[in-house]
Amino acid sequence: MIISSEIFLVSPQADGRKYIIEKHITDSGREIQVQYLADVGFDFEAKMVDRVPELEAQIAAEEGGE
Amino acid sequence: MALIYVDSAASGAANGTSWADAYTTLAAALATETDADTVWLSPSHLEATGAAVTLTAPTTMGCRIMCAADNTTTPPVAVGTGAIVSVGTASAAMSIRGFAYFYGITFRGGTNVSVANTINVGDGVVAAGQVFSNCTFELPSTAAVALQFGPAAQAGTDDVFVKLRNCTVKFGATTQSLKMLHAAVEIQGLTVDSSGSTPATLFAGTAATPSNILVEASDLSGEAFTNLVNVGTACYSRWNFRNCKLPSSISVVTGTNPGIGGPRVFMHSCDSADTHIRFAEHSWQGSVVSQTGTLIRTGGATQADGTAFSFLMNGSANSVHLWAPLQSPEFAVYNTAVGSALTATVEILRDNVTALKDNEIWLEVQYLGTSGFPQGSIINDRMTTVMSTPANQASSSVTWDTTGMTNANKQKLEVTFTPREAGYIIARVMLAANTSVYVDPYITLA
């Protein structure tokens, strides 16, 4: 389970896009980074929140031996 | 030179000697004609076996399996498209084995909702070499199946090669992907059919099956997938993406990289926008990506088109060991001055009041330090041994764009050495800290 999430880095690019790094910490202390180049106007804060259940499902799948 | 014909509509002797007497399935043709070297499929061929399909091509290179432009000309004089080889309504896999060149054929997996409905190219327990040109691979099942490359049973030999040239892939569910298993794979001109489902992740590896994958000159934007490669598989794999069109705002990698021997992903000149220098390199330790516009050094590195850029190195909880740092891509300068000491300097920038130490970041330079031979010498400005006392890397006064930073901290990395031969001086920056650093990939020699 993810217990904390933060936007760790927002790095603006020449064309207005932003390189985003999210850091998520699990209850076992594991750090998960998600990185992407966000389009202009992309709501990366909302995306980070939306991503949490996806990551939790992914963690469950990995722990299940997928 | 044997010519064999396949047409599902033929009603003759089914011996493959003509269009009228064609085999009605490709599997039957290959099973009977084990030394086949040219197999022609009618462009209207449509087989749906309702069971597993195993296509076993010869065991040496030379066989051609092609869709003909028409099913009237004998022998055919032109290739075409339209032939469909399908599992049909079944919970069964399609397996393509042996050595062959395929042209213009649609390979369609089973339609049942079943994880059995994979399509396995380069399959089998012997070596395989397959080249698919202008073919289509369809996964109509809504189950979490894959187009797999390499021996599905993971019991094959190591020499499996698969190439896709100007092929199309169509997915039936968000959970599907292109999956690599123990193969060397080259993909050129791939198109993702926008009429299919959108996979969450386009490519994935498989545990215990090392693979080497090149994807280039492809339009991957047909479906707005979220992730390019799932690296959460316990095996080494090397992924190279070059000159590809991507959907916007994707993550290059997803999943938990299993360790230092896990997947490595290299993406160069791939983007959803009209840029030409975007790159990203991902490993267990972290990532290095291109940075343009802001957070670059004045007078620093530029691409061939004049675009100034820097490396954004992103460490992680894994990049904290002196002996296993995150490595930047190499950058180089040609040197002709030999026999006297040179100092190579590389500038870095971080948004943190605390300076980075020489056990956290350093410059590694390889130069030709042996007279009479092309033998490289390697030098760095790292803390000497793991038992040494770390010291701050030197501060710097060069000019950087520091947009958005609150504690812009400029430092420089330096090594001094004496080249003994003219040649390239190759530099890499090593990061052994869980932090982000901008690096100007420009070597100043003095």
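Mentor: Start with burial. Buried means under 20% relative accessible area, exposed over 50%, and partly exposed in between (1.4 Å probe, protein chains only). In chain B, 53% of the 446 residues are buried. This is a predicted model, where local features need pLDDT of at least 70, side-chain atom pairs count only at pLDDT 80 or more, and totals for chains, interfaces and linings use all residues. Residues are numbered from 1 along each chain as its sequence is written, chains are lettered from A and ligands numbered from 1 in written order, and side-chain values use heavy atoms, without hydrogens and water.

Trainee: How many helices and strands does chain B have?

Mentor: Helices (H or I, at least four residues) and strands (E, at least two) are DSSP runs, numbered from the N terminus. Chain B has one helix and 37 strands. Its C-alpha atoms fill a box of roughly 85 × 50 × 40 Å along the principal axes.

Trainee: Which residues of chain B make a nonpolar surface patch?

Mentor: Nonpolar side chains (Val, Leu, Ile, Met, Phe, Trp, Tyr) are joined within 5 Å. Accessible areas come from the Shrake-Rupley method with a 1.4 Å probe; for residues, only the protein chains shown count as cover. Here Trp323(B), Val386(B) and Met387(B) make a patch of about 440 Å².

Trainee: Is Val386(B) buried or exposed?

Mentor: Val386(B) is exposed, because its relative accessible area is 52%. Val386(B) sits in the loop between strands E32 (376-380) and E33 (394-395).

Note on methods: Patch = residues over 30% accessible without salt bridge, like charges linked within 9 Å, V, L, I, M, F, W, Y side chains within 5 Å. Salt bridge = Lys/Arg side-chain N within 4 Å of Asp/Glu carboxyl O.
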